[in-house]
Amino acid sequence: VVHMDEPDRVLAAMSVIEGEATYIMSEFQILKIQENPLAALGMLAQVATGGFDIPEGTPAVLVNELMSPYMDGANFITALIESGGWDAVNAAYANLPVSTEQILNPAKYLAGELPVEVTLEESVDVLGAGWEALDPSTLGQFYLQEMLRQHLTTSAARRAAAGWGGDRYQVYAAPETDAVAYTLRLVMDDAAEAVEAAEGFTAYGNARFAVEAADDAGCWSDDAAALCVLPLDDVTLLVTQAPTRDQALALREAQAVSVR
């Protein structure tokens with residue numbers, strides 16, 4: 001069962017469906033072009049006029065979220081077919097990928113590698129009065145790289161997110177002030193990947209807050225928000241954001257001693 005409050009898992013499942021459709025469409029187009037090379041002109045015209053009608057100004061993360069099931073999904077289906085033919089594709093419907101990590105890295109799906117289960121401590125009270133905790137969820141590799149892409153190049157964001165092993169995040173909201181905060185506990189596959197992720201978040205923080213380095217506590221802040229990043233062990237990073245540095249540090253302190 002795929003629950004809609006698990007966006008990473010939903011996107012992974014969608015990638016199987018749309019990826020298969022995209023793969024079949026591509027194979028059909030290749031076949032028709034081989035039969036009639038002039039058909040390529042008509043197909044190109046159809047693509048030019050019949051693609052997605054995405055409104056100008058749509059945020060890049062939404063565009064990428066829309067396209068990923070088709071593009072990344074097709075790559076995933078290709079990998080399944082190369083490994084076991086259409087039987088492998090059919091089997092994927094009975095054993096759906098549980099994370100976008102498995103879509104972006106089909107070898108991990110084929111090897112049966114599952115995300116690490118990560119937990120968070122209750123910590124809304126440290127933010128003060130007027131805050132409420134929303135339902136926790138998992139970010140996943142795709143959404144992690146899209147988050148980092150807001151202030152990093154695409155290649156840098158993908159490199160930082162590539163070793164994703166599991167995560168859990170909690171968003172907090174203060175309805176009266178429209179303020180938001182979050183805690184993200186991120187587990188990478190190994191120590192080297194954790195270093196890549198930490199470097200990615202460092203570059204992200206420096207670019208977002210237009211500074212050369214974080215402060216001594218591993219935080220960046222301005223008048224609008226504060227972001228803190230703390231390595232908990234060789235593979236785990238704790239990321240917190242809140243309207244003020246004190247709040248971001250309080251969220252971090254509430255989680256720093258807990259175990260995954």
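Modeller: Helix H1 and helix H3 are roughly perpendicular to each other, because their axes cross at roughly 75 degrees. By class, 15 nonpolar, 6 polar and 3 charged residues make up this contact. H1 covers residues 7–35 and H3 covers residues 60–94; their axes come within 5 Å.

This is a predicted model: local features need pLDDT of at least 70, side-chain atom pairs count only at pLDDT 80 or more, and totals for chains, interfaces and linings use all residues. Residues are numbered from 1 along each chain as its sequence is written, and side-chain values use heavy atoms, with hydrogens and water left out.

Now the terms used so far. Helices (H or I, at least four residues) and strands (E, at least two) are DSSP runs, numbered from the N terminus. Axes are lines fitted to C-alpha atoms, for helices over the stretch in contact; angles run from 0 to 180 degrees between N-to-C directions. Under 35 degrees counts as roughly parallel, over 145 as roughly antiparallel, 65 to 115 as roughly perpendicular, and the rest as oblique. Nonpolar means Ala, Val, Leu, Ile, Met, Phe, Trp, Tyr, Cys and Pro; charged means Asp, Glu, Lys and Arg; the others, Gly among them, are polar.

Next, the rings. Rings of Phe, Tyr and Trp (its six-membered ring) pair if their centres lie within 6.5 Å; planes under 30 degrees apart are stacked, over 60 edge-to-face, and the rest tilted. That rule gives 4 aromatic pairs. One of them is Tyr-23 with Trp-86: edge-to-face, 5.8 Å centre to centre, with 75 degrees between the planes. Tyr-23 sits in H1 and Trp-86 in H3, so this pair ties together parts that are 63 residues apart in sequence. Tyr-23 is buried, at 16% relative accessible area. Trp-86 is partly exposed, at 38%. Phe-76 and Tyr-109 form another edge-to-face pair, at 5.3 Å centre to centre and 70 degrees between the planes. Phe-76 belongs to H3 and Tyr-109 to helix H5 (residues 106–110), so here the parts tied together are 33 residues apart in sequence. Phe-76 is buried, at 0% relative accessibility. Tyr-109 is buried too, with a relative accessible area of 11%. Buried means under 20% relative accessible area, exposed over 50%, and partly exposed in between (1.4 Å probe, protein chains only).

Back to H1. H1 also packs against helix H6 (residues 140–149), at an angle of about 110 degrees and with the axes 8 Å apart. H1 and H6 are therefore roughly perpendicular to each other. In this contact, Pro-7, Asp-8 and Leu-11 of H1 meet Gly-140, Gln-141, Phe-142 and Tyr-143 of H6. By class, that is 4 nonpolar, 2 polar and 1 charged residues. Contact here means heavy atoms within 4.5 Å. H6 is mostly covered, with 9 of its 10 residues buried. Among them are Phe-142, Tyr-143, Glu-146 and Met-147.

Now the sheet. It is open, with 6 strands in the order E1-E2-E3-E6-E5-E4 and antiparallel pairing. E1 (132–133) and E4 are the edge strands, each pairing on one side only. Strands count as paired if DSSP finds at least two bridges between them. Strand E3 (residues 179–188) runs antiparallel to E6, with 6 bridges. There, Leu-184 has Val-239 in E6 as its bridge partner. H6 packs on this sheet, touching strand E2 (164–174) and E3, and its direction makes about 60 degrees with that of E2.

Thr-183 also lies in E3. Thr-183 counts as buried, at 0% relative accessibility. Leaving aside neighbours within four places in sequence, its contacts include Leu-120, Arg-168, Tyr-172, Val-239, Thr-240 and Gln-255.

Follow the sheet on from E6. Strand E6 (residues 236–242) runs antiparallel to E5, joined by 6 bridges. A hairpin of 4 residues joins E5 to E6. Cys-228 stands opposite Thr-240 in E6. Strand E5 (residues 226–231) pairs with strand E4 (residues 219–221) in the antiparallel sense, over 3 bridges. E4 and E5 also form a hairpin, with 4 residues between them. Cys-219 stands opposite Cys-228 in E5.
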